[in-house]
Amino acid sequence: MARFRKKSNRRQYATLIMIVLIILAGTIVCLCWKGAEAVSNYTGKNVDFDTLILEAAQRNQVDPRLLKAVIWRESRFEVMTEGEAGEVGLMQIMPDKAVVDWAKAKGKAVPSRGALFDPELNIEIGSWYLGNAIRRWSKYRDCHVLALCEYNAGITRANKWKPADPNADVRKRITIPSTLNYVNDIMDRYETYKKSWDIE
């Protein structure tokens, strides 16, 4: 009887170890998968939204590689991201500013905050706003830099930073370090996408 109990205990112990190992292996696989996804998002290799980016970029006359670089910097491709100042979604659009301007320009009702998390709508509004900014600064050599300044810090500050000479370097004039970092991050990522994302 004692021998039977020992065998039974050994079997239970072996089964318990097997269950723990299976759970541990599953956890490791899950963490590796999530880690790989996070690295992909951080490094900007995410392709989940490329079709939406290409379509919105074409409609709003923005280089899709610049648009993707903005999304990478704003949200790291996380759809449900919210900013401290109320920014929403992939492109961190402002419901009371860019969204209202877009709705007025398009003759549409202002979308609800919840609707703004939809990737297609979010990218459409963000690319429309960015496209307008690029066209506003089109006579400047650094039109993309000024557009990004406007996107990040507002049109008033972008106006202060525009140079008298349209060919002058805008980045030297940016007085807010976080905006300069923002611009540098996006422009660096834009250059990377120009080399790695063939959109022809």
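The crossing of helices α3 and α8 is right-handed in this predicted model. Helix α3 spans residues 64–75 and helix α8 residues 177–196, and their axes cross at roughly 130°, coming within 8 Å. On the α3 side, the contact is formed by R65, L66, K68, A69, V70, W72, R73 and E74. Helix α8 contributes Y182, D185, I186, R189, Y190, Y193 and K194. Sorted by class, the α3 contact with α8 holds 8 nonpolar and 7 charged residues, with no polar ones.

Helix α3 also packs on α5, a helix that covers residues 119–136. Here L66, L67, V70 and I71 of α3 meet I123, S127, L130 and I134 of α5. This contact of α3 with α5 comprises 7 nonpolar residues and 1 polar residue, and no charged residues. L66 and V70 of α3 take part in the contact with α5 and are also listed in the contact with α8.

Another partner of α5 is helix α2, residues 50–60. From α2, the contact draws on L52, I53, A56, R59 and N60. From α5, the residues are P119, E120, I123, E124, S127, W128, G131 and R135. By class, the α2 contact with α5 divides into 6 nonpolar, 3 polar and 4 charged residues. I123 and S127 of α5 belong to this contact with α2 and to the one with α3.

| Helix pair | Axes come within | Crossing angle | Hand of crossing |
|---|---|---|---|
| α3 and α8 | 8 Å | roughly 130° | right-handed |
| α3 and α5 | 11 Å | roughly 120° | right-handed |
| α2 and α5 | 9 Å | roughly 35° | right-handed |

The remaining topic is the largest pocket, which holds about 620 Å³ of space. It is lined by 22 residues, and those closest to its centre are M94, E150, Y151, N152 and A153. Helices α3 and α5 each give two or more residues to this lining, as do α4 (98–106) and α6 (143–153). By class, the lining of the largest pocket has 10 nonpolar, 5 polar and 7 charged residues.

Notes: Residues are numbered from 1 along each chain as its sequence is written. This is a predicted model: local features need pLDDT of at least 70, side-chain atom pairs count only at pLDDT 80 or more; totals for chains, interfaces and linings use all residues. Side-chain values use heavy atoms; hydrogens and water are left out. Axes are lines fitted to C-alpha atoms, for helices over the stretch in contact, and angles run from 0 to 180 degrees between N-to-C directions. Helices (H or I, at least four residues) and strands (E, at least two) are DSSP runs, numbered from the N terminus. A crossing is left-handed if the near helix is turned anticlockwise from the far one by less than a right angle, and right-handed if clockwise. Contact means heavy atoms within 4.5 Å. Ala, Val, Leu, Ile, Met, Phe, Trp, Tyr, Cys and Pro count as nonpolar, Asp, Glu, Lys and Arg as charged, and the others, Gly among them, as polar. On a 1 Å grid over the protein atoms alone, a cavity is a set of points where a 1.4 Å probe fits but cannot get out, and a pocket is an open set with protein on both sides within 12 Å along at least five of seven lines; lining residues have an atom within 4 Å of a point. Grid points are joined across faces, edges and corners, and a volume is the space filled by probe spheres set on the points.
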